[in-house]
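Hi,

Here is the structure I promised to pass on to you.

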Amino acid sequence: MWLRSWIHFSVIASLALVILFAGFLVSTSVPFFFDYGLSPIIASEWYPYEDLYGLLPALIGSAWVIVIALSLALPCGLATAIVSVEILPQRYHGLVNIGIDILAGIPSVVYGLLGIALLLPWLENNLDLLSGHSLLAAGLLLSVMILPTITRLSQDALRDVDTSYREAASSLGLDWSQRLFSVLLPQAWPSIRSASLLATGRGLGETIAVMLVVGSIDRIPQPWYNLLAPAQTITSRIGREIGEASVGSSQWSALMACALVLTLSVLLLSLLAQRPARA
């Protein structure tokens, strides 16, 4: 009886926290949208002391960083999952999982410090840049951070494929690559897609590591596809400016609006990840 009551209390408390969190974000960001409307979403200038709050550079920066990170982490994570589940002997599975868990457990600030100490100088020296701070640096660093999420969930997806599919593929005479691409990956794809979306949500919310290497320059790269330019993301903007913004000020409300946009984006990704794939 007490267990059921505790479960009910936990569910109610969790819902209350979600509602409280959402209410706080909406109440603190609504004044910004009342004063400025939706035009800041497509505006490109962010100068709080001149009451200019353009969100577009940070939105573009966040999108580029996520695209770079997923482009690297998804194939690497999926390949790691395939090798560990389908190729390596059982006795090596624990060793692979330990390595993945270590990557997942490293604090984000440590990743950021490693990025400053190793990644930025490497980019400066090899790409002849004045500064390694760039969208590329943030994307490369973030790809390592979301790699454990994609790998772990992809491993689970492959293990969940029923043994009967493997047996049927073998009885048809399919070789290993044919079984992988014709049977295993199509069956596991819905879960792999969900893993990618969840990893994207995690990457969007990353702050410290990205803030330390992205450059935090509020401008759209010129040209817009220049990944070697320093830029800004939504999280790096919030992380850098929240300490100097007065509670209740226009700048505070603008940063809360950034947080609301970020939260809605992550919520959308989570809903898409839970959506069942079409048959």
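Arg-152 forms a salt bridge with Asp-101, and the closest N and O atoms are 3.0 Å apart (a salt bridge being a side-chain nitrogen of Lys or Arg within 4 Å of a carboxyl oxygen of Asp or Glu). Arg-152 sits in helix H5 (residues 135-159) and Asp-101 in helix H3 (residues 93-105), so the pair ties together parts that are 51 residues apart in sequence. Helices here are DSSP runs of H or I with at least four residues, numbered from the N terminus. Arg-152 is partly exposed at 28% relative accessible area, and Asp-101 is partly exposed at 41%. For these classes, buried means under 20% relative accessible area, exposed over 50%, and partly exposed in between, with a 1.4 Å probe and protein chains only.

Before you go further: this is a predicted model, where local features need pLDDT of at least 70 and side-chain atom pairs count only at pLDDT 80 or more, while totals for chains, interfaces and linings use all residues. Residues are numbered from 1 along each chain as its sequence is written, and side-chain values use heavy atoms, with hydrogens and water left out.

The structure holds four salt bridges. Another of them joins Asp-156 to Arg-159, with 3.8 Å between the closest N and O atoms. These two are three residues apart in helix H5, so about one helical turn separates them. Arg-202 also forms a salt bridge, with Glu-206, the closest N and O atoms being 3.8 Å apart. Here Arg-202 is partly exposed at 33%, whereas Glu-206 is buried at 9%.

Ser-196 is in helix H7 (residues 176-204) and is buried, with a relative accessible area of 9%. Leaving out residues up to four places away in sequence, Ser-196 touches Leu-70 and Leu-74 (contact means heavy atoms within 4.5 Å).

What lines the largest pocket? Its lining includes Val-18, Phe-21, Leu-25, Leu-260, Thr-263 and Leu-267, and helix H1 (2-36) and helix H10 (250-274) each supply at least two residues of that lining. A pocket is an open set of points on a 1 Å grid over the protein atoms alone, where a 1.4 Å probe fits, with protein on both sides within 12 Å along at least five of seven lines; lining residues have an atom within 4 Å of a point.

Best wishes
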